[in-house]
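Welcome! Keep the structure open beside you and try each task before reading on.

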Amino acid sequence: MSSPELWSQVAEKWQTSFNRLNRNEPGITGLLKFSEAWMVAKEFLRPKSIDEPSSKSIASKLQIRAAFDKIAQRKMLTALLEEFLDDMRRQLPLITKDIEGLMRQYEATSDPIFIAGCISRLVLWHKAWQPSLELGATVIHAFTTCFQTHVFSVLPRSFSQGFKSLVSTTLNPEYATEPPVWMHTLFPPTNPPPHRWDQPLWQAFEQLGMTERYESLIASVCYEHIEVYIVNTYAKVWDRECLESAREWMSRHVVPWLLMPYAPYAKTVEEARPLLSGMGTRLDYHVCKTLADLRTNEIFDIIVDFPDSRHALDDLKTCISRVDHRSALVQSLRKANARRLLHPGADTKLILQQYVSIIKCLRIIDPQGVLLFKVADPIRRYLRPVTERPDTIRCVVASLVSDHESGDSLMDENDVVQPLQQVQVDDYSDPHWEPEPQDAGPDFRTNKPSDIISTLVSIYDSQDLFIKELQVLLAQRLLAIKDGNFEKERRHIEVLKIRFGEAQLQVCEVMLRDMTDSRRIDQHIQSQNKPPTLHPTIVSRHFWPSLQTSTFAMPGQFKEIQEAYQKEFTTFKPDKKLVWMSHLGTISLEVELDDRTVSVDVPPLEAAIIELFSQKGVWTTEELVEAIGSIERPATMKALGTWVEFGVIKEDAPNTFKLLNVAEKAGPSKTAQKQTAMIVEEEVPLITAQQQQAEQMKVFWKFIEGMLRNLGSLPLDRIQQMLKFAPGYDRTTDQLGSFMEAARREGLVTVRDGMWKLQA
């Protein structure tokens, strides 16, 4: 049972509440007035269905205001608010029904008009249920929170995609002059009319709290709009700067659009500027990122098109300074190089040209050279002879002695010739010294050679291979000159002296002097008597690259001509001896037959064969090989095929050939003919530097074989150290690795975890 004290407390509180509601009026007069005011206010706030016909209010505005004043005086607004929210919660299923019906239609059609219809209905519900602003911010805030909480809780997942599609329509250029038809239906025009057709839509978003809730979606619409525009407008456009153009487009079309979602209440530009500054910075970042992504995907083709694509590189440089995109650029270019450049189908000359273009382009984007260092490493490893490209040195050397008009040069016409640059140790006392960039690798050096040729030569550990290959190429070019004009080659040697130094080019000087001395000696011998014309090129055996030799001897009159010339040479140069390279050169012949004369220019082997036919009309292949000397059968068949083509001989039986003194009907006419053999050697068959190196390495194989047999498995560095004790060994570790890899392919050795051993 309750104690008297409890009864006393309850009675006291009851009396206090009664006095607050009755306001000290006689009897219960004040309580009756409060009850009447409560009913008027509750009816005024009661949420009603917007589909029901609106009934005329039984109270005037003055009565309603007076009712709320009475409730406020009695401090019962909080209780009235709770009652109103309870009534609203009981009516919320009406909104849920509307949302579900419209979302089912959207999910069936994916038409954003149903999203717009849903938002229009929610705005009507919001306006119908929203309390008067005169009730104060507390009541409005409580209503807004309850309404939005329910709406966002019942919206399905598909609403986000529909909302995004609806926002996208506000950026559609088709609606710039004529808004969509549904806009006037769902959002009737106001007076005065809005200055933008989508203004009512954005006001609805703001009213329902969707602008803040779906801010990331709205931003993504803007980002995607920028991406579509940049890709469609600037893809493959490299002949002009595109970044500034994209920024101007954004300031004209995108920034004004941002006013509605991000500065809806700004009345002037000055008011809008601080509100849009953050979003403007994000959009500028996205413009740079999108253009950087586009140019990164196109970087290989941009480099191919250089220098016409210089503007694209400038844009990419600016974008990379704004966006951290360096790693993506390196990965993209490395993948493109591996897929489109570093494969067996690509010519070495084209790979070098692309590598040079990569050097020039990446130095524009990143003058410090970090990007070039990371991109160039796979190319440099692929171009070394230790991999799949043994002709790299020949291509680089060919570019050094080629003219710009020929298209073989890897340098620009305006490039300054300078000595080869070497990697130097950092000078920390230099006032202009700068630290390495943050993304530089441990092997990166800021003072790597900047000259193109120096960069190409630095692929290898030594310049010796270049010098030897240069000697081979120069020998071929000198021997191919027929008019005695060596000025072009002399100029090339002077330029190469600047790059490699005079000491390295002494052998080339001797080769050039041999050519002029040979011409002078030949002129002297020709002036002594009147032998059949013979103009040999006399070179020093010790200074010229090794020539691919052949032991066959010229027969008949050709032998007599050689002996007569050698006799005169011995008289003029008694301390020198001639060794004829019978397989080199060209001989002009007039073959006189019974009914015709055939004039041809042929290699010496063809001339030797037709000379034998002047001694006997029928020869077998074996007889020709035995008569001429040590030549291979394919070379003999090739030479015979030349004369068969001219109609001078024919294959009378298998491996038997007959001289045609009288032309057959299908043969050439009886008139004199001037023809040129199609099988003249295109260049002198010199042994290249790589071939010489390979032959020399075979000598050291016995040493390597003995090491691996006696010591078992050895790493490459240990083999290199032990080979240094072998006489004449001067190879680098990379060159030894190339040789060992070749031996592995031939099945002589195996390698596992860097340890080499003989094949079991």
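**Exercise 1. Describe how helix α5 passes helix α6.**

Solution. Step one: find the helices, α5 at residues 113-129 and α6 at residues 137-154. Helices (H or I, at least four residues) and strands (E, at least two) are DSSP runs, numbered from the N terminus. Step two: their axes come within 11 Å and cross at roughly 155°. Axes here are lines fitted to C-alpha atoms, for helices over the stretch in contact, with angles running from 0 to 180 degrees between N-to-C directions. Step three: that angle makes α5 roughly antiparallel to α6, a label for angles over 145 degrees. Step four: the crossing is right-handed, meaning that the near helix is turned clockwise from the far one by less than a right angle. Step five: look at the side chains, where Leu122, Trp125, His126 and Trp129 of α5 meet Phe143, Phe147 and Val151 of α6; contact means heavy atoms within 4.5 Å.

A note before going on: this is a predicted model, in which local features need pLDDT of at least 70 and side-chain atom pairs count only at pLDDT 80 or more, while totals for chains, interfaces and linings use all residues. Residues are numbered from 1 along each chain as its sequence is written, and side-chain values use heavy atoms, with hydrogens and water left out.

**Exercise 2. Find the residues with the most contacts inside the largest nonpolar core.**

Solution. Start with the term: a nonpolar core is a set of buried Ala, Val, Leu, Ile, Met, Phe, Trp, Tyr and Cys residues joined through side-chain atoms within 4.5 Å. Buried means under 20% relative accessible area, exposed over 50%, partly exposed in between (1.4 Å probe, protein chains only). The largest core has 143 residues, and Ile119, Phe163 and Met210 have the most contacts inside it. Helix α4 (residues 77-109) gives the largest share of this core, 11 residues. Now zoom in on Phe163: leaving out residues up to four places away in sequence, Phe163 touches Ile115, Ile119, Phe205, Met210, Tyr214, Leu217 and Ile218. A second, separate core has 29 residues, including Val602 and Phe657.

**Exercise 3. Is Asp284 buried or exposed?**

Solution. First locate Asp284 in helix α13 (residues 269-297). Its relative accessibility is 15%, so Asp284 counts as buried. Next, list its contacts beyond four places in sequence: Arg247, Met250 and Arg322. Finally, Asp284 and Arg322 are 38 residues apart along the chain, with their C-alpha atoms separated by 9.3 Å.

Notes. Parallel < 35°, antiparallel > 145°, perpendicular 65-115°, else oblique.
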